[in-house]
Amino acid sequence: MSASKPGPKPSAGGSNVSAPTEEEITRQRVNYQINSLRLQPVSSLPMNLFLMWMVGNDVSMFSIMFVGMAVVNPISSILSVNKTFAGFEEEAAKDKQIMSSLKLGKLIYVGCCIVGFLVALLKLTWMGLVPILSMDWMSTTVPAYKERSFGVVV
């Protein structure tokens, strides 16, 4: 049983594995940093879900403040996505692969923020603050019938 090391296998003629170039090292470093940033909104989602469960579905000051922040934070994150990824613009201008990785990272970041926003909207719906049922609109709906009464006064 010979233990083989993971990674590229040398060919019969010798080792053809060359050291990574400076560009490859930069790409790997930037891709690692972009990957850690793009999933940042999802990392806070489990804590938000737990706190949303803890506040319950009653309308109170604490629950309104918490759900309000859960709605506002993803929107502000979406609006500041370029500021979040601004540190990578210089490397992206030099390398097309980093540019595509940056654009994909921004897209995933916005998608994760939208997921957080939709969770907050779901909580608002469970609290009864989003009008989605026909009963919520009954005060503005004109009845389809006219009531008439006939009677005799004695």
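## Helix H7 and its ends

Helices here are DSSP runs of H or I with at least four residues, numbered from the N terminus. By that count, H7 covers residues 96-126 in this predicted model. Just after H7 comes Gly128, with a positive phi of about 85°.

H7 holds 31 residues. From its first C-alpha to its last, H7 reaches 45 Å. That is close to the 45 Å expected at 1.5 Å a residue. At the start of the helix, Asp95 makes a polar contact. One of its side-chain oxygens comes within 3.3 Å of the backbone nitrogen of Gln97.

## Overall build

What does the protein contain in helices and strands? There are 7 helices and 0 strands. Along the sequence the pattern reads α-α-α-α-α-α-α. An α-helix has 3.6 residues a turn, so residues three or four places apart point the same way.

The protein has 154 residues, and 23% of them count as buried. Its accessible surface comes to about 12,000 Å². Carbon and sulfur atoms hold 65% of that surface.

## The largest pocket

The largest pocket has a volume of about 240 Å³. It is lined by 15 residues. Closest to its centre are Pro41, Ser44, Asn48, Asn73 and Pro74.

Which helices supply at least two residues each to this lining? They are H2 (40-43), H3 (45-55), H4 (61-79) and H7. The largest share is 5 residues, and it comes from H7. So the helix that spans 45 Å also gives the largest share of the lining, because definition places H7 at residues 96-126 by its DSSP run.

## Ser63 in helix H4

Ser63 sits in helix H4, one of the helices that line the largest pocket. Is Ser63 buried or exposed? Its relative accessible area is 1%. Buried means under 20%, so Ser63 is buried.

What lies around Ser63? Leaving out residues up to four places away in sequence, Ser63 touches Val55, Asp58 and Met127. With Asp58 there is also a polar contact. The backbone oxygen of Asp58 lies 3.0 Å from a polar atom of the Ser63 side chain. Val55 falls within helix H3 (45-55).

How values were computed
Residues are numbered from 1 along each chain as its sequence is written. This is a predicted model: local features need pLDDT of at least 70, side-chain atom pairs count only at pLDDT 80 or more; totals for chains, interfaces and linings use all residues. Side-chain values use heavy atoms; hydrogens and water are left out. The expected span of a helix is 1.5 Å times one less than its number of residues. A polar contact is a pair of N or O atoms within 3.5 Å; within protein, one must be able to donate a hydrogen and the other to accept it, and residues adjacent in sequence count only if both atoms are side-chain atoms. Buried means under 20% relative accessible area, exposed over 50%, partly exposed in between (1.4 Å probe, protein chains only). Accessible areas come from the Shrake-Rupley method with a 1.4 Å probe; for residues, only the protein chains shown count as cover. On a 1 Å grid over the protein atoms alone, a cavity is a set of points where a 1.4 Å probe fits but cannot get out, and a pocket is an open set with protein on both sides within 12 Å along at least five of seven lines; lining residues have an atom within 4 Å of a point. Grid points are joined across faces, edges and corners, and a volume is the space filled by probe spheres set on the points. Contact means heavy atoms within 4.5 Å.
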